[in-house]
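Subject: Structure handover

Hello,

Here is the structure you will be taking over. Please look through it first; my notes on what was found follow below.

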Amino acid sequence: MKLRTLLAAIMLALVSLASLNSCTTKQSAINQLQSLAYDIRDNGSYYNIKDWEDAGKKFIDIRKKISKYDYTPAERKQIGELEGMCARYMKEGIKNGAINGIMGVAGELRGILEGLGLGITF
């Protein structure tokens with residue numbers, strides 16, 4: 001009788017552990033999406049082309065992970081908000097990065113012209 005109770009307890013523990021692991025993996029995909037959104041928000045204006053390619057690939061990989069799980073309506077709402085944040089931050093980061101790049105080139109051009117003593121100012 002004790003062996004039967006022990007086996008039942010072990011089976012229950014294994015089933016609980018498996019379901020807990022599934023929830024952790026499911027939540028980790030949301031956490032990765034949140035991390036990506038915050039990284040793009042904080043660093044996107046400094047990204048180069050390679051960084052944007054990597055961010056796009058990460059986004060696609062995370063979306064693939066997310067599509068493997070069933071989420072509650074509240075989780076789906078959170079995922080939608082995070083995806084919207086990624087899109088908005090990508091747009092802003094690309095725009096700001098382009099402006100920063102143009103200003104950097106303009107600064108270099110100004111330095112070259114001043115260095116040549118051409119007296120041209122911006």
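The structure holds 5 salt bridges, a salt bridge being a side-chain nitrogen of Lys or Arg within 4 Å of a carboxyl oxygen of Asp or Glu. Before the details, two notes on how to read the numbers. This is a predicted model, in which local features need pLDDT of at least 70 and side-chain atom pairs count only at pLDDT 80 or more, while totals for chains, interfaces and linings use all residues. Residues are numbered from 1 along each chain as its sequence is written, and side-chain values use heavy atoms, with hydrogens and water left out.

Overall layout

The chain has 3 helices and 0 strands, in the order α-α-α along the sequence. Helices (H or I, at least four residues) and strands (E, at least two) are DSSP runs, numbered from the N terminus. Of the 122 residues, 18% count as buried; buried means under 20% relative accessible area, exposed over 50%, and partly exposed in between, with a 1.4 Å probe and protein chains only. The chain exposes about 8900 Å², and carbon and sulfur atoms supply 63% of that area. Accessible areas come from the Shrake-Rupley method with a 1.4 Å probe, and for residues only the protein chains shown count as cover. Among contacts (heavy atoms within 4.5 Å) between residues at least 6 apart in sequence, 70% join residues at least 24 apart.

Salt bridges

Among the salt bridges is one between the side chains of Asp54 and Lys50, at 2.9 Å from N to O. Both residues sit in helix α2 (residues 49-67), 4 residues apart, so about one helical turn separates them. Asp54 is partly exposed at 29% relative accessible area, and Lys50 is partly exposed at 48%.

Another salt bridge joins the side chains of Arg63 and Glu83, at 2.7 Å from N to O. Because Arg63 lies in helix α2 and Glu83 in helix α3 (residues 73-115), this pair ties together parts that are 20 residues apart in sequence. Arg63 is partly exposed, with a relative accessible area of 28%, and Glu83 is partly exposed at 22%.

In helix α3, Glu81 and Lys77 are 4 residues apart, about one turn of the helix. They form a salt bridge whose closest N and O atoms are 3.4 Å apart. Glu81 is partly exposed at 44%, whereas Lys77 is exposed at 56%.

Nonpolar core

A nonpolar core is a set of buried Ala, Val, Leu, Ile, Met, Phe, Trp, Tyr and Cys residues joined through side-chain atoms within 4.5 Å. The largest one has 17 residues, and those touching the most other members are Leu33, Leu36, Ile40, Ala55, Ile66, Tyr71 and Ile79. Helices α1 (2-43), α2 and α3 each supply at least two residues of this core, with the largest share, 6 residues, coming from α1. Beyond its neighbours within four places in sequence, Leu36 is in contact with Ala55, Lys58, Phe59, Ile62 and Cys86.

Aromatic pairs

The whole structure contains 2 aromatic pairs. Rings of Phe, Tyr and Trp (its six-membered ring) pair if their centres lie within 6.5 Å; planes under 30 degrees apart count as stacked, over 60 as edge-to-face and the rest as tilted. For Tyr47 and Trp52, the ring centres are 4.7 Å apart and the planes are at 65 degrees, so this pair is edge-to-face. Tyr47 is buried at 15%, and Trp52 is buried at 17%. The rings of Tyr69 and Tyr71 have centres 6.4 Å apart and planes at 75 degrees, so they too are edge-to-face. Tyr71 is buried, at 11% relative accessibility.

Regards
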